[in-house]
Structures are given as C-alpha cells and as structure tokens.
Amino acid sequence: MHNPRAHEGTSLQSQPPPEEQNYGAAAAHGRRAPVLCVSRKSPAKRDYLIAAVLCYTNLINFMDWFLVPGILLDIQKYFKLSDGDTGLLQTVFILCYMLAAPVFGYLGDRYNRKIILGAGIFFWSGVTLSSSFISELYYRLFFLSRGLVGIGTASYSTIAPTIIADLFEEGKRTTMLSVFYIFIPVGSWSFVWSSLGLTAMAFVTGALGMWVPLFLYRAQLVQGTVSPCLQETCNSSNSLIFGGITIGTGMLGVIAGAEAARRLRKINNKADPLICATSMFISALCLYVALMVAKTSILSTFILIAFGELFLSVNWAVVTDILLYVVTPRRQSTAIALQILVSHLLGDAGSPYLIGIISSAIQTKNDCSSQWSFRSMQYSFVVCAFVGVFGGAFFLLTSLYIEEDRKEAEQL
C-alpha cells in the first residue's frame, strides 16, 4: 500500500504555518504556494537557469548604472556642467533609487515578484533609450531621466536577490549570490552595523565610479602626458581602462570573498564580518596611497586603485549573506530594501555630489589652472579613504553581535 509520507524528504520545503504562506510570489489572491517536489539538496536545472537569467540582467543593470560615469567628460562638456552639477547627476539617480527601494521591498513581500521584476526592467530600459535623444538645451530633462532609471533599477535590485535566496540552500546560496554580484547588496545589531558598513562601501564605490576617469585625466594633464581636451569628443582611454579594472577586480573579488567566507566559517562563526572589516581597511589604504602617487605615476595609480577595488569587491556577496541569515525569510525583501535605502541615502546618493562640491570649492579659492584642477579632486577624494576606515570599524562591530542575532533569526 502506498505510503503518503514516503515523499516528504524530497519536498522543496515543508508546509509553512498559515500566517507565513502569503508572502512574495505566493501572495496573489491569498492562495497557498504549491509545494514543489524538488530536493533542496539538489536544485533543478530550472533553478540554475533562472539564476543565470537574473545574473545576466544584473550585468545589464550595472552597465546602465555606470554608463554616465564612463562618458562623464563628454557629458560635462555637452551640457556645460560644473563639477558640483555633474556630481548631482549621479545623486539624482541614487536618491530616486533608494526612495523607490522600500516600496518595491514592501510589494515584493506581498505580491508576485515576477510581475514587479518584469515591469521594472521594461520601465528602466525604455527610459534609458529615450534619454539618448535629449538635446543639450534640456539638461534638466536628462537629470529627470536618470532619476526615472533609478526607480526602475530599484525594482530589480530589491527583488532579484530574494528570488535567488528562495531557490538555493545556504551553502549554494552564497555561491549563487556571489555570481549574481559579480555582475554588480531586521531589528538586530548585526543588521544595523553591517548596513552602515555597506553604506561606507557604497559611498566609496559611488565616488570612484563617478570621478576616477576624470581624476586620472587631470593627473595626466599635470604630468604633461596628454593635451587639454578641446575637440567635441574626448579621449575615453581612462574610462575604458578603469572599466576593465572594475569588471576584472569585481569578478575576482566577489569569488575570493565567497570562497574565503565558505572556508573560514568552518573555523570561526564570525568569519563573515571579519572578512568584510579586513577588506575595507586594506581597500582604504590602497586608495589613499593611489591618490598620493597620482601626480607622479599613472601606472602605479591604476595598480593601487585595482587593489582597492579588489578588496572592496570581496564584501558584496558576503555582506548580503549576513543580512539573509539574520533576517527571517518572509521579511528578506523588506530588509534588503531597507538596507538599500540606508546605504544609498548615506552612501553613493551623496558621495559623487560631495566630492564635486568640495572640488569646486577648492578650485574657486585658487588659480584656474590644471595644477589646481588636479589638486582639488585629489584633496576631495581623501574623504573616501577615511570613510573606508569607518566602514571597516562598522564591520568589526558587526562581529560582536553576529552569532547571537543569527540564533535569534533561526528561532523565529
């Protein structure tokens, strides 16, 4: 006689209590989510295919995110913007992104995530395409378009990680999240301090992504290795090299961080925040030295920036995994949205603008020369190194609470 209990070990998940059944994609019209007969220990090919599509879309997402910094000098000339106004361009994008993230996090915990995801992708793609036709007379419209792109991007960045988390167990989850973040992350102290650490990461990343190519160009002007850009289209070699460094160090850093976390967790339960803290301290040191040698050696500056970005990238998947195991599953979308809000509000929403404002203020008090154009950017960039040190300190504080908070989350 057939035993109905014979297949209980192969169920994707056990039936949740009634109060936990109507979240995320299972919330539509209050219906219960079906129980899939797929082993959690062996994800189906379909799960890997879904993760691959999400990772590819994340690649496109962050290509669009850093499209403006890649052609920053051309945009500055086209719209005739100062350093302060140019920094504000990225701030508008991040502000709209972070304000929209909690909304999509709330919706993602209650309604169909696939619909939210698809609508967001369609919206941001359409706005990005239309912004290509804005003339130099309507720079405010270009600012608006970047804000709308930020709203569309928020829907994806908030929902996609939780879908991956639902598909894989803890061991495979970290690996899949690391793959996801290669193509680029409540109520506990771990969440608070790790979110502040992520904020420092976002601050530094936003400033670097926006200003490094222009900073290197000004350093080359001081060295006399390039001529002032007077033609309509400027040389974009610095942007291309920096973009290649960002991609390469991002991939290597995320893989190294995930592997280090996997190995060190076996011997130290506090491994995740300690990895993040160490990486932030090393990254801050590399970036500071890079600023100091930029006037004399562009090659050394590229190398040091590469190491700075490498150690910064170590943390992306690790810090997201911290959030996922100190927050109950049915509140993960909300938690990620809240973390996005905090990290971008205090991080890269303001860092490009702040660097630009400091640079403009220094320039107005000194001679209008290539020498002071370089120094103004150099001095303003020092802020990023100090913020990186604060980020490392926040992750050290996270390590003090991580074990207790994880146990509490598992009991909920």
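This is a predicted model: local features need pLDDT of at least 70, side-chain atom pairs count only at pLDDT 80 or more; totals for chains, interfaces and linings use all residues.
Q: Is R113 buried or exposed?
A: Buried means under 20% relative accessible area. R113 has a relative accessible area of 8%, whereas D166, at 41%, counts as partly exposed. Because its value is 8%, R113 is buried.

Q: Which residue is linked with R113 and D166 in a network of salt bridges?
A: R113 and D166 form a salt bridge with each other. The network they belong to also takes in another residue, D109.

Q: How many salt bridges does a search of the whole structure find?
A: One of them joins R218 to D83, with the closest N and O atoms 3.0 Å apart. Another is the meeting of the side chains of D272 and R265, at 3.0 Å from N to O. The search of the whole structure gives a total of 7.

Q: Are R218 and D83 buried or exposed?
A: These two residues form a salt bridge. Residues under 20% relative accessible area count as buried. R218 and D83 are both buried.

Q: What does D272 count as, buried or exposed?
A: The side chain of D272 meets that of R265 in a salt bridge. The relative accessibility of D272 is 1%, and the limit for a buried residue is under 20%. D272 therefore counts as buried.

Q: How many helices are there in the protein chain?
A: The chain has 412 residues, of which 50% count as buried. It has 0 strands. The number of helices is 15.

Q: What share of the accessible surface of the protein chain belongs to carbon and sulfur atoms?
A: The accessible surface comes to about 19400 Å². The share that belongs to carbon and sulfur atoms is 66%.

Q: Which residues does T153 touch, not counting residues up to four places away in sequence?
A: T153 is found in helix 6 and is buried, with a relative accessible area of 1%. Residues up to four places away in sequence aside, T153 touches N61, W65, F93, Y97 and W124.

Q: How far apart in space are F381 and A207, C-alpha to C-alpha?
A: F381 has its place in helix 15 and is buried, with a relative accessible area of 3%. Neighbours within four places in sequence aside, F381 is in contact with residues including A207, L208 and W211. F381 and A207 are 174 residues apart in sequence, and their C-alpha distance is 8.0 Å.

Q: With which residues is L345 in contact, leaving aside its neighbours within four places in sequence?
A: L345 is found in helix 13 and is partly exposed, with a relative accessible area of 47%. The contacts of L345 beyond its neighbours within four places are M98 and I340.

Q: Which residues make a nonpolar surface patch of about 460 Å²?
A: One of its residues, Y138, is in the loop between helix 5 and helix 6. Y138 is exposed, with a relative accessible area of 52%. The residues of the patch are L137, Y138, L141 and L144.

Q: Where is K80, a residue with a positive phi?
A: K80 has a phi of about 60 degrees although it is not a glycine. At 71% relative accessibility, K80 counts as exposed. Its place is in the loop between helix 3 and helix 4.

Q: Which residues lie nearest the centre of the largest cavity?
A: About 140 Å³ of space lies in this cavity. Its lining has at least two residues from each of helix 2, helix 3, helix 8 and helix 9. Of the 15 lining residues, those nearest the centre are L73, P213, N235, S236 and S239.

Notes
Residues are numbered from 1 along each chain as its sequence is written. Side-chain values use heavy atoms; hydrogens and water are left out. Helices (H or I, at least four residues) and strands (E, at least two) are DSSP runs, numbered from the N terminus. Buried means under 20% relative accessible area, exposed over 50%, partly exposed in between (1.4 Å probe, protein chains only). Accessible areas come from the Shrake-Rupley method with a 1.4 Å probe; for residues, only the protein chains shown count as cover. Contact means heavy atoms within 4.5 Å. Patches are made of residues with over 30% relative accessible area and no salt bridge: like charges are joined within 9 Å, nonpolar side chains (Val, Leu, Ile, Met, Phe, Trp, Tyr) within 5 Å. A salt bridge is a side-chain nitrogen of Lys or Arg within 4 Å of a carboxyl oxygen of Asp or Glu. On a 1 Å grid over the protein atoms alone, a cavity is a set of points where a 1.4 Å probe fits but cannot get out, and a pocket is an open set with protein on both sides within 12 Å along at least five of seven lines; lining residues have an atom within 4 Å of a point. Grid points are joined across faces, edges and corners, and a volume is the space filled by probe spheres set on the points.
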